[in-house]
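Good morning, and thank you for coming.

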Amino acid sequence: MSFTEQFADIIKFDEPLAPLTWLKVGGPAQMLVEPQSEEQLIDVLKTADAEEIPVRVLGSGANVLVRQEGVSGIVLRLNADAFQRVEVNGTTIRAGGGAQLSHVITEAVGAGLTGLEELVGIPSTIGGAIKGNAGGKHTDFGEYVTSVDVLTVQGQKFTRTGDELSFEYRGSSVNELLVLSAEIELKEGDPEEIADRVKTTWITKRTGQPLSFQSAGCIFKNPRGMRAGELIDQAGLKGTKLGEAEVSERHANFIVTHEGATAKDVLNLIDVIKSRVFEVHDVELELEIKIW
Ligand code: EPU
């Protein structure tokens, strides 16, 4: 049986990806596949590997720009219950790779556990937050992750922990295809102070970032010792608009998309920002978002 026959009930063909991303632009996935269990997911990967079908994993869609032509092969979504569980046990949280980071933060706050407060407002699945080491100015998620169960593109499962698990600014040693689940170790804290810190962070972000617009969060990584937002701002690019994509007036490292925007508009604007910042500051900005 071919891949498409075997998994007919969990495949959507030519499925638009724009609604599943925050930028709301770009083309379809040749096959959007939503496995319902770990066993089925492993089967999907083994079969896809045997048939040499390329596989990508879509998390919250907050850090990805899909090109207009879309993507060939399989786009996996771990949105079934089996991948979204969050369990608190003392100071340890075990979360599925498809669980929302916001869900984990809510559970932590509810259990009086401290550590993740500064991460509030980051739209990400646990898998995405681990691979890209989601973070704010003072904290990143990796500081609290002690063990990660991964699946390789061939469908092999193993655990990364200790020396095999490391994190850096917006990156990690987890380079396998996907995160199945992770263990997060927090500390007990004062529930009221924890809730206050969450509130303050949320208000600060709402003031400084265009959170009510369509955007992909920060587009570029902060170059070492510098702030991409500041460099873009100083280059006079705030408000620059190409087609329906615009450099946010609120935070220059955000691109917001308006009704009718295309992936090409965003890509063109990224090029303009990169070359202008290079001209003005002699700095090569590196993308934080992934382009599919
Ligand atoms: N700034 C400007 N103009 C702007 C924006 C910022 O001059 O338009 C300057 C300000 O002086 C500000 C400094 O840049 O003091 C830093 O800005 P901000 O406090 O907003 O922090 P950031 O470094 O731009 C980082 C993360 C954000 C995260 C915030 C808050 C990166 C690339 N960005 O932003 O993460 O939300 O800290 O914790 O690491 C993301 O990664 O998608 C993201 C939004």
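**Salt bridges**

E117 and R197 form a salt bridge through their side chains, at 2.9 Å from N to O; the term denotes a side-chain nitrogen of Lys or Arg within 4 Å of a carboxyl oxygen of Asp or Glu. Please note that this is a predicted model, in which local features need pLDDT of at least 70 and side-chain atom pairs count only at pLDDT 80 or more, while totals for chains, interfaces and linings use all residues. Residues are numbered from 1 along each chain as its sequence is written, and side-chain values use heavy atoms, with hydrogens and water left out.

E117 sits in the loop between β8 (113-114) and α4 (126-131), and R197 in helix α5 (residues 191-208), so the pair ties together parts that are 80 residues apart in sequence. Helices (H or I, at least four residues) and strands (E, at least two) are DSSP runs, numbered from the N terminus. Are these two partners buried or exposed? E117 counts as buried because its relative accessibility is 6%, whereas R197, at 37%, is partly exposed. The cut-offs are under 20% relative accessible area for buried and over 50% for exposed, with partly exposed in between (1.4 Å probe, protein chains only).

A second salt bridge joins the side chains of E288 and R170, at 3.4 Å from N to O. Here too distant parts of the chain are linked: E288 is in the loop between α7 (263-281) and β19 (290-291), R170 is in the loop between β11 (167-168) and β12 (171-172), and they are 118 residues apart. E288 is buried, with a relative accessible area of 12%.

By the search of the whole structure, there are eleven salt bridges.

**Domains**

The protein is divided into domain 1 (3-76), domain 2 (84-194) and domain 3 (210-291), with bounds that come from an automatic or database domain assignment. Twelve residues from domain 1 and 18 residues from domain 3 make up the contact between domain 1 and domain 3, where contact means heavy atoms within 4.5 Å.

How much area is buried between domain 1 and domain 3? The value is about 1200 Å², and carbon and sulfur atoms give 61% of it; buried area is the accessible area (1.4 Å probe) that two parts lose on being put together, summed over both. In domain 1, L23, N63 and L65 lose the most area to domain 3, together 51% of what that side buries. Across this interface of domain 1 and domain 3, the rule finds zero salt bridges.
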